[in-house]
Amino acid sequence: RETMELLHDIASSSSSPEETMRQLRDVGQQLAQSRPAMAALAGAVGRILSAGREGDEGNDPAAIARRAEQMLREYDTASDRIAGHARPLLHGTLMTHSISGTVVDVLTACRDQIERVIALEGRPRYEGRALAKALVKQGIAVTLITDAQADIFLPQCHALVTGADTVLANGDVLNKAGTALLAWAARGHRVPFYVLCETLKISPRLWTGDTSLLEEKEPEEVLPDAIDGVTVRNFYFDRTPARLVTGVITEQGTLGRADIKRLASSLKGIV
């Protein structure tokens, strides 16, 4: 949302069209490349800036500002629409991993049919604690567990629910590290796995094994005091194969792999 607002503000500035477009391209490139695992940033930039290409010689800041306004309106109602599609599937006891604004909004909207949410703590930054606080404030019962306990509690769950940072063109999902392990465990227990996200998260990219997409962070988050001879790795994201995902629930409905491929194809040359 901040990306959309920033591009809207630049497009609405009083600078010349040429200078405004230069700023939009420069800022847009920086934003799109800032978080490789978060497709929504590049997706927002690509969709918004593509509106300017329809103007005079590609310099139409006003069209870009209008596109940004439209996308902001759609973004602000996306969670409600996702909740409408997800409601028949989310009930009883659910498990979730990491913190997602969309997941919090959807679970809140469905709280009358949710008995309990089992939240993983989300090492190394423990965002599961923030998620637990957010859900409890909405009147949802929460059990907070260490990540390693997930398989113990999965048999109690009616579904596993997470957000997504990116949905790749073949339906693979990039999300908080640990999601793939959960998805495999859910498959073993025959627990359905639903991903809740906006279509803005869909990317035309495919997984190539490039771990730079997974954003490795500081080892000190895992081990504050270094130990001689010990190497620490701290990837923030992992890839969950599409075959482990029961459905990707978006503002457009529950998408299968063919739907995702179709939407991703429409983004080639834009994102």
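Reader: Hi! Let's start with Phe-237: buried or exposed?
Author: Phe-237 counts as buried, because its relative accessibility is 6%. Buried stands for under 20% relative accessible area, exposed for over 50%, and partly exposed for what lies in between (1.4 Å probe, protein chains only).

Reader: Thanks! What kind of model is this, and how are the residues numbered?
Author: This is a predicted model, in which local features need pLDDT of at least 70 and side-chain atom pairs count only at pLDDT 80 or more, while totals for chains, interfaces and linings use all residues. Residues are numbered from 1 along each chain as its sequence is written, and side-chain values use heavy atoms, with hydrogens and water left out.

Reader: Good to know. How many aromatic pairs does a search of the whole structure find?
Author: The search finds one. The partners are Tyr-236 and Phe-237, and the pair is edge-to-face because the ring planes stand at 65°, with the centres 6.4 Å apart. For the cut-offs: rings of Phe, Tyr and Trp (its six-membered ring) pair if their centres lie within 6.5 Å, and planes under 30 degrees apart are stacked, over 60 edge-to-face and the rest tilted.

Reader: And Tyr-236, buried or exposed?
Author: Tyr-236 is buried too, at a relative accessible area of 12%.

Reader: Which charged end sits over the ring of Tyr-236?
Author: That is Lys-217, whose charged end lies 5.8 Å from the centre of the ring. To count, NZ of Lys or CZ of Arg must be within 6 Å of the ring centre and within 35 degrees of the ring normal. Another case is Arg-129, with its charged end over the ring of Tyr-126, 4.1 Å from the centre.

Reader: Back to Lys-217: which side chain does it meet in a salt bridge?
Author: Glu-215, with 3.6 Å from N to O. A salt bridge here is a side-chain nitrogen of Lys or Arg within 4 Å of a carboxyl oxygen of Asp or Glu. Glu-215 is buried, at 6% relative accessibility, whereas Lys-217 is partly exposed, at 29%.

Reader: How many salt bridges does the structure hold?
Author: It holds 12. One of them joins Lys-176 and Glu-127 at 3.2 Å, N to O. That pair links distant parts of the chain: Lys-176 is in strand β6 (residues 173-176) and Glu-127 is in helix α6, 49 residues apart. Both Lys-176 and Glu-127 are buried.

Reader: What about Glu-5 and Arg-1?
Author: Their side chains form a salt bridge too, at 2.1 Å from N to O. Glu-5 is partly exposed at 31% relative accessible area, and Arg-1 is partly exposed at 38%. Together with Asp-76, Arg-1 and Glu-5 are linked in a network of salt bridges.

Reader: New topic: the seven strands of the open sheet. What's their order?
Author: The order is β3-β2-β1-β4-β7-β9-β10, and the pairing is mixed. β3 (142-145) and β10 (253-255) are the edges: each has a single partner strand, so one side of each lacks a neighbour in the sheet. On average, neighbouring strands of this sheet are turned by 30° against each other, direction ignored. Strands (E, at least two residues) and helices (H or I, at least four) are DSSP runs numbered from the N terminus, and two strands pair if DSSP finds at least two bridges between them.

Reader: In which sense do β4 and β7 pair?
Author: β4 (residues 159-162) and β7 (residues 193-196) are parallel, with three bridges. Leu-160 stands opposite Phe-193 in β7.

Reader: Which strands does helix α4 touch?
Author: Helix α4 (residues 61-86) packs on the sheet and touches β7, β9 (247-250) and β10, its direction making about 135° with that of β9. Helix α6 (residues 127-137) also packs on the sheet, against β1 (92-96), β2 (114-120) and β3, at about 175° to the direction of β3. Contact means heavy atoms within 4.5 Å, and the angles run from 0 to 180 degrees between N-to-C directions, with axes fitted to C-alpha atoms, for helices over the stretch in contact.

Reader: And the open sheet of three strands, what's the order there?
Author: β5-β6-β8, with antiparallel pairing. β5 (166-167) and β8 are its edge strands, each pairing on one side only. Two bridges join β5 to β6, and Thr-166 has Leu-174 in β6 as its bridge partner.

Reader: Last one: where is Leu-200?
Author: Leu-200 is in the loop between β7 and β8 (237-240), and it is buried, with 10% relative accessible area. Leaving out residues up to four places away in sequence, Leu-200 touches several residues, including Met-4, Arg-47 and Tyr-75.
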